[in-house]
Amino acid sequence: RTEFDILDVLSSQPRRVNSRAHLIDEVWGPGWVGDERVVDVHVAHVRAKLGEDVAEPKYVLTVRGVGFRMGTG
């Protein structure tokens with residue numbers, strides 16, 4: 001369910017870069033406490049299920065130092 005929720009947030013505004021904090025608020029809720037890197041683990045699972053090449057992802061893109069987005073922007 002978590003991976004679907006992340007994909008839902010990312011796909012709702014495909015060109016918008018979503019920070020880890022924003023994804024945590026949207027998926028886990030504002031009261032969640034823990035390491036923001038949990039988002040990276042779940043994004044990796046999403047990418048694997050989409051069949052993405054780790055070296056050149058097509059769907060879920062990392063914006064270094066900012067977060068994640070879908071599509072080119």
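Q: In what order do the elements of the chain run from the N terminus on?
A: The order is α-β-α-α-β-β. Bear in mind that this is a predicted model.

Q: How many helices and how many strands is that?
A: The chain has 3 helices and 3 strands.

Q: How compact is the chain for 73 residues?
A: As compact as a globular protein of that length, because its radius of gyration is 11 Å and the globule rule gives a close value, 11 Å.

Q: And what box do the C-alpha atoms fill?
A: Roughly 35 × 20 × 20 Å, taken along the principal axes.

Q: What share of the residues counts as buried?
A: 32% of the 73 residues.

Q: What about the accessible surface of the chain?
A: It comes to about 4800 Å². Carbon and sulfur atoms account for 51% of that surface.

Q: How many bridges join strand 2 to strand 3?
A: There are 4 bridges, and the two strands run antiparallel. Strand 3 covers residues 67-70. Within this pair, Thr-62 stands opposite Phe-68.

Q: How many residues lie between the strands in that hairpin?
A: The hairpin of strand 2 and strand 3 has 3 residues between the strands. Gly-65 takes a positive phi there, near 80°.

Q: And over how many bridges do strand 1 and strand 3 pair?
A: They pair over 2 bridges, in the antiparallel sense. Ser-19 stands opposite Gly-67 of strand 3.

Q: Where is Val-63?
A: In strand 2.

Q: What does Val-63 contact, leaving aside neighbours within four places in sequence?
A: Val-17 and Arg-69.

Q: On to helix 3. Is Val-46 buried or exposed there?
A: Val-46 is in helix 3, which spans residues 38-50. Its relative accessible area is 5%, so Val-46 is buried; the cut-off is under 20%.

Q: Which residues does Val-46 touch, not counting those up to four places away?
A: Glu-3, Leu-7 and Val-60.

Q: What separates the C-alpha atoms of Val-46 and Arg-1?
A: A distance of 11 Å, for two residues 45 apart along the chain.

Q: For the whole chain, what share of the contacts with a separation of 6 or more comes from residues 24 or more positions apart?
A: They account for 47% of those contacts.

Q: Last topic, charges. How many positive and negative ones are there?
A: The chain has 10 positive and 11 negative charges. Their mean positions are 5 Å apart.

Notes: Residues numbered from 1 in each chain as written. Predicted model: local features only at pLDDT ≥ 70, side-chain atom pairs only at ≥ 80, totals over all residues. Heavy atoms only, no water. Rg over C-alpha atoms; globule rule 2.2 N^0.38 Å. Buried < 20%, exposed > 50% of the residue type's maximum accessible area, 1.4 Å probe, protein only. Contact = heavy atoms within 4.5 Å. Areas by Shrake-Rupley, 256 points an atom, 1.4 Å probe, with all protein chains shown as cover. Lys, Arg positive; Asp, Glu negative; His and termini not counted. Charge placed at Lys NZ, Arg CZ, Asp CG, Glu CD. Pairing = 2+ DSSP bridges.
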